[in-house]
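My entries follow the order in which I looked.

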Amino acid sequence: FPFPYRPYGIQERFMAALYDALEAGRVGIFESPTGTGKSLSLICGALSWLRDFEEKKQQEEARLLALEDSGQEGKKEMTSAAPGCPESKDSTGEPDWVTAFVQKKEERDMVDRLKEEHIRRKKREERLEKIRHNVQLKYAAKRKRSEEDETKRLLQLSKEVLSEGAGADVVEQLDHNEEELILAEYESDEEKKVVSGLEEDDDDLEEEHVTKIYYCSRTHSQLSQFVREVQKSPFGKDTRLVSLGSRQNLCVNEEVRRLGALQLINDRCMEMQKNKHEKKSNEENEGKKRRVSRTICPFYSYEQMQFLRDEVLVEVKDIEQLVTLGKETKACPYYGSRYAIPAAQLVVLPYQMLLHEPTRSAAGIKLKDQIVIIDEAHNLIDTITCIHSAEVSGSQLCCAHSQLLQYMERYRKRLKAKNLMYIKQILYLLERFVAVLGGSVNQNPSCQAVSQTGTVLKSINDFLFQSQIDNINLFKVQRYCEKSLISRKLFGFVERYGGPATAVKTNKENHKLAGLQNFLLTLQQGSDKERDPPLEAENDQLRTASPLMQIEGFLSALTNANQDGRVIVNRQGTVGQSSLKFLLLNPAVHFAKVVEECRAVIIAGGTMQPVADFREQLLSCAGVDPARVVEFSCGHVIPPENILPIILCSGPSNQQLEFTYQTRDLPQMMDETGRILCNLCNVVPGGVVCFFPSYEYEKQVYTHWEKTGLLTRLATKKKIFQEPKKANQVEQVLVEYSKCIKRCSQVGGQMTGALLLSVVGGKMSEGINFSDDLGRCVIMVGMPYPNIKSPELQEKMTWLDKTMPRAAGQAPSRVLIENLCMKAVNQSIGRAIRHQKDFASILLLDHRYARPATFNKLPQWIRERTQVKPAFGSAFAELRKVRTCILCTA
């Protein structure tokens with residue numbers, strides 16, 4: 001395998017196993033700890049297979065084309081001999097000459113396809129080669145763009161000059177802008193006999209998809225990091241790579257970007273496209289009817305996007321470079337990158353885009369016979385569940401009803417019958433949803449108390465029957481919302497005439513109360529502005545601006561099969577605080593199509609243990625043959641002496657460590673935890689990261705230590721930091737933590753570093769690297785079991801017990817709880833070792849970790865080096881030994 005440097009032995013084994021899995025068309029679960037060069041192994045292993053596959057394919061094509069050429073003479077001879085041959089029949093009863101003719105026709109068609117593909121490939125390669133080596137072409141394109149910009153500017157100036165003094169026209173124009181808010185005439189699928197001319201054009205332009213690898217990861221930063229690894233690899237120069245992302249990340253139109261919320265950006269972008277397409281048809285009918293000019297995106301230019309596509313295919317670019325190129329070329333990177341998909345060999349994208357079928361098809365992603373690699377896949381099941389789940393609050397439902405009703409009343413005379421019918425259906429749905437929560441849409445949701453509070457879970461069908469909406473075709477309503485852009489129109493309407501989001505058409509008393517509440521709210525917002533920026537500005541904007549966008553997601557979720565999900569009716573305090581949530585129970589239904597269509601699927605991660613969840617809940621339920629599944633797990637590249645994992649069963653005062661819900665709140669348990677930390681901070685240099693099961697427990701322990709004075713003792717050796725709940729404060733805490741450790745190591749003195757109190761599943765437990773001095777010791781306090789009283793988790797457990805077989809005598813629900821706990825533990829403790837020369841100790845504070853079933857769910861590279869210590873003394877002696885070795889080395 002080509003590699004930028006001499007690979008580790010485990011990397012060579014990883015690449016060989018990956019190559020074999022791709023060649024055999026398997027579904028692989030690959031585990032390679034962080035710091036072992038997993039990304040490079042994936043790149044070099046997968047692209048080596050793709051290069052070999054393309055070579056074999058081209059050799060086969062050349063052989064078939066050569067056979068076709070040499071077989072022309074033989075065909076002529078056979079044709080002349082055919083009439084004289086006696087007619088015989090094959091096993092199907094067809095004459096031999098008919099069978100031979102059909103076979104020959106199939107062969108000819110295949111050869112014709114190969115010839116076309118060969119010509120297309122040659123043209124593409126010539127075009128890209130020309131762009132790669134001909135700098136003049138780039139300058140010519142830039143010069144053309146600047147000329148076009150100048151022409152547009154002059155046209156705009158002349159329009160402004162002409163419009164001066166025409167005050168009446170300007171007023172009329174502003175009034176006419178309201179046309180944008182009116183819904184266009186809607187035709188359902190049954191009524192559409194022909195596709196629009198635009199769609200036909202797009203079909204003609206569609207290029208054949210070459211065999212490619214789709215690489216997915218969780219975040220845009222992880223994808224950018226992967227692209228940089230590709231650039232450094234031996235395949236960086238000659239791989240056609242395209243990065244896909246959301247409009248929020250790729251849009252270069254400042255007017256649209258300013259909207260902030262992803263859903264608003266999406267809808268605004270789609271409306272601008274629609275305006276462009278309408279403009280074409282309006283220009284043809286210009287004489288018949290004077291139309292209003294609507295905003296068109298200047299970056300949505302087919303010619304410029306084709307230029308951007310070629311630039312992307314010529315040289316590997318990450319998302320940031322793609323955005324820069326889009327600004328330079330005045331071309332939309334979001335759509336331009338999609339044009340590059342057919343010819344690309346490696347497509348890099350966030351996994352929401354691949355795992356959500358409507359998004360996948362909208363992006364033009366075709367999985368048939370392709371390779372999919374899902375990296376950072378430890379949370380894959382949760383991700384699929386979250387993508388296909390949806391929640392709406394009572395206040396959103398009432399707000400959407402109020403807005404939509406006012407919209408319909410204002411434009412009733414302008415709307416066609418079909419639009420009115422669908423709007424009335426949506427209004428009825430909203431009305432019934434609020435009724436299920438125990439309220440009425442005609443009253444302020446914040447003022448309606450709910451009589452029967454509590455949480456109820458229902459099957460989809462039961463919910464539809466109880467809501468009395470089982471007679472409405474939700475598939476049609478969902479399609480109407482998608483095609484008519486009604487949520488975008490409604491947002492524009494509220495933006496223009498908008499009262500506050502909570503305003504509901506109701507009686508005078510409620511109007512007064514709502515008015516007072518809104519006045520108080522504006523005062524509060526005014527005073528809050530200076531204090532603290534809002535944590536979830538995007539979500540707030542969605543809630544206040546267009547609640548219908550959220551509700552569309554809930555309607556879409558209700559179209560799942562009855563057995564695959566549940567509706568949670570959560571009644572709390574007031575109707576506004578209550579909510580409806582759709583919970584997907586069977587993520588396999590949405591993953592099945594991916595594994596069916598793809599040639600091979602690789603699920604990879606640094607910590608994939610325990611893998612039973614992937615095999616049973618995802619692959620087995622998706623109908624994957626167990627023989628097709630292959631597992632690969634490799635050790636770490638660090639020497640055994642660089643890691644010291646210890647399971648500690650009791651503390652310094654021989655208090656047994658068992659952090660169950662019943663015992664963890666006991667003062668003696670919190671005191672024992674404090675003593676352990678005090679002792680460790682005396683001998684461990686640099687940074688110590690301590691993980692607690694929840695924010696509540698971390699706060700409880702911290703408060704207890706403050707009262708007992710233990711916190712003061714801890715602070716003499718390590719400066720104490722706490723993980724913030726707000727995401728925008730995480731970076732600041734990490735910077736301060738890092739600075740403190742660096743300062744202590746340089747200056748010396750009594751204080752030896754810092755102690756970071758973190759939470760499992762919080763901001764610090766994933767994606768943050770505590771390498772070198774930032775994490776010389778990681779401590780796990782107790783076992784972070786999920787809250788089994790949660791209605792969602794209880795329903796998932798019940799569903800698993802009904803649908804899954806018992807494993808080794810254990811109920812599937814019990815296995816799920818254990819696996820969720822250990823996945824969280826493995827993610828957190830894996831933060832400490834980040835590269836070959838790193839070293840750290842790991843302390844698991846709970847005797848239950850020593851149970852064989854739990855112990856075996858630790859990652860193999862940690863498990864094989866773990867020591868179980870019944871008493872604190874021997875564990876402390878081991879830690880002192882490590883410190884002595886470090887000091888000697890230093």
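The entries below go from the whole chain to single residues.

**Entry 1. Basis.** I worked from a predicted model, in which local features need pLDDT of at least 70 and side-chain atom pairs count only at pLDDT 80 or more, while totals for chains, interfaces and linings use all residues. Residues are numbered from 1 along each chain as its sequence is written, and side-chain values use heavy atoms, with hydrogens and water left out.

**Entry 2. Whole chain.** I found 35 helices and 18 strands in the chain; these are DSSP runs numbered from the N terminus, helices being H or I of at least four residues and strands E of at least two. Of the 890 residues, 48% count as buried. Buried means under 20% relative accessible area, exposed over 50%, and partly exposed in between, with a 1.4 Å probe and protein chains only. I also looked up contacts, meaning heavy atoms within 4.5 Å. Among contacts with a separation of 6 or more, 82% join residues 24 or more positions apart.

**Entry 3. Nonpolar cores.** I took a nonpolar core as a set of buried Ala, Val, Leu, Ile, Met, Phe, Trp, Tyr and Cys residues joined through side-chain atoms within 4.5 Å. The largest has 68 residues, and Leu380 and Phe591 have the most contacts inside it. Helix 25 (residues 588-597) gives the largest share of this core, five residues. Leaving aside neighbours within four places in sequence, I found Leu380 in contact with Leu355, Ile374, Phe591, Ile603, Phe614 and Leu618. A second, separate core holds 51 residues, including Leu430, Val450, Leu474 and Phe493.

**Entry 4. Helix 17 and helix 24.** I noted that helix 17 (residues 394-411) and helix 24 (residues 547-557) pack with their axes 9 Å apart, at an angle of about 115°. Axes are lines fitted to C-alpha atoms, for helices over the stretch in contact, and angles run from 0 to 180 degrees between N-to-C directions. Helix 17 is therefore roughly perpendicular to helix 24. Angles under 35 degrees count as roughly parallel, over 145 as roughly antiparallel, 65 to 115 as roughly perpendicular and the rest as oblique. On the side of helix 17, Gln396, Leu397, Cys399, Ala400 and Gln403 meet Pro547, Leu548, Gln550 and Ile551 of helix 24. Ala, Val, Leu, Ile, Met, Phe, Trp, Tyr, Cys and Pro count as nonpolar, Asp, Glu, Lys and Arg as charged, and the others, Gly among them, as polar.

**Entry 5. Helix 26 and helix 32.** I found that the axes of helix 26 (residues 612-620) and helix 32 (residues 812-829) come within 11 Å and cross at roughly 125°. Helix 26 is therefore oblique to helix 32. Ala612, Asp613, Phe614 and Gln617 of helix 26 make the contact with Leu816, Asn819 and Lys823 of helix 32. The contact residues divide into three nonpolar, two polar and two charged.

**Entry 6. Two residues.** I looked up Leu464 in helix 19 (residues 460-466). Leu464 is buried, with a relative accessible area of 13%. Not counting residues up to four places away in sequence, Leu464 touches Ile469, Asp470, Leu474 and Leu558. I then turned to Arg228 in helix 7 (residues 220-232). Arg228 counts as partly exposed because its relative accessibility is 39%.
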